[in-house]
Amino acid sequence: MKAFVDECRREWKRLHVPDDVANEMAADLEVDLAEAAEEGASPEDVLGYAVFDPRSFAEAWARERGVVPLAPDRPRVPALFVGALAAFLALAVAGAVVLAAGGGSSSTRVAVAAFGVAKAPPRFQVLPKKLRTLPGGQRVVVPSLLPRFRIAPAFAPRKIAVAGGGGPAEPRAGFVLLAVGLFGAVVTLLSWLWIGRGRRGPALAAP
Amino acid sequence: MASAERRSSQLLRGVLDLCLLAIVAEEPAYGYEMTKRLRERGLSFVGEGSIYPLLGRLERDGLVETYRAASDGGPPRKYYRTSSTGLRALTDGVAEWRAASAAVDAVLAPVQTEVHA
């Protein structure tokens, strides 16, 4: 059975199993097979069908024992998780930026407020005259019974929301972005860890 | 016959880890010694994977502990014994096995009666 053990050794070498671990497994296998031979048992009695496929046997043993290093060309992190994590973190950063801008310096807020007032409708507004063009091209004012001015109601807003400014919608949007980004990033990380744990397999499972 | 052997192998696969834990819970043992104890109790085949990969998994998961000791004047052997975590896993696994076994018996018992009648 030396050939079987040698083939196992070659497979462990190929899999970059640490030498001390490979030597230990090979030694255990050799003494077990030798004892079986002394008792008249066949290698198949010890190894089952694995006796016909030493490489698969060696790989299974090393992998189950957890002594096979990850291949260097094998991606450790699935691209999907990296993409999702980056997207959620970008959302969180965007939310933080919006929040910071919303709670900015007083000068910024004054400027925004002034801009908002200038754009707001005035309380008293004179309506334009209604003109009618006669067939000869002459234009006359159309008399009207309605007043030609309008007074805005007292509860009309004096300011309007300005995009990118200190309006009330920005902090809320920033908070939502930040919350969604952080929550998504945490969920992505937890999913990644959970799936990674699942790949290792349950504690008690069939060989 | 081959079909019966395959079914037995598949049945054993699901509980071989429990059998190994039970064997070393009685008394620490090295690899081939476990194979012999299983055979003495009627489990003469261990399937295509043998017990070594499974022992590796039990060791990796901390369900067994290992130590080296001489065996009856022979070379030092790697002995396995059940850890405290392994004992808990064994207790839980045996309970699961008994529940599953009882459920299967409940289904198969009438069939056996008809066969013997």
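**Ground rules.** Residues count from 1 along each chain as its sequence is written, while chains are lettered from A and ligands numbered from 1 in the order in which they are written. Since the model is predicted, local features need pLDDT of at least 70 and side-chain atom pairs count only at pLDDT 80 or more, though totals for chains, interfaces and linings use all residues.

**Confidence.** I looked up the scores and found ipTM 0.85 and pTM 0.56. Chain B has a mean pLDDT of 87, with 89% of its residues at 70 or more; pLDDT is the predictor's confidence in each residue, from 0 to 100.

**Helix α3 of chain B.** I went to residues 52–60 and saw that seven of the nine are buried. Buried means 20 or more other C-beta atoms within 10 Å of a residue's own, exposed means 12 or fewer, and partly exposed lies in between, with C-beta atoms placed from the backbone. Helices here are DSSP runs (H or I, at least four residues), as are strands (E, at least two), numbered from the N terminus. Among the buried ones I noted B:Y52, B:L55 and B:L58. Just after this helix, B:G62 has a positive phi of about 75°.

**Its partner in chain A.** I checked α4(A), residues 54–65: its axis comes within 7 Å of that of α3(B), and the two cross at roughly 10°. Axes are lines fitted to C-alpha atoms over the stretch in contact, and angles run from 0 to 180 degrees between N-to-C directions. The two helices are therefore roughly parallel, a label for angles under 35 degrees. α4(A) brings A:A60, A:W61, A:E64 and A:R65 to the contact, and α3(B) residues there include B:Y52, B:P53 and B:R57. Contact means C-beta atoms, placed from the backbone, within 7 Å.

**The core.** Which residues touch the most other members of the largest nonpolar core? I found A:F57, A:W61, B:L20, B:V24 and B:L55, out of 37 residues. Such a core is a set of buried Ala, Val, Leu, Ile, Met, Phe, Trp, Tyr and Cys residues joined through C-beta atoms within 7 Å. α1(B) gives the largest share, six residues. I also followed B:V24, which touches B:A29, B:M34, B:V64, B:Y80, B:R81 and B:T82, leaving out residues up to four places away in sequence.

**A loop in chain A.** Last, I visited A:K130, between β1 (124–126) and β2 (131–133). A:K130 is exposed, with 12 other C-beta atoms within 10 Å. Its C-alpha atom is 5.9 Å from that of A:V141, 11 residues apart along the chain.

Definitions and conventions
Parallel < 35°, antiparallel > 145°, perpendicular 65-115°, else oblique. Contact = placed C-beta atoms within 7 Å.
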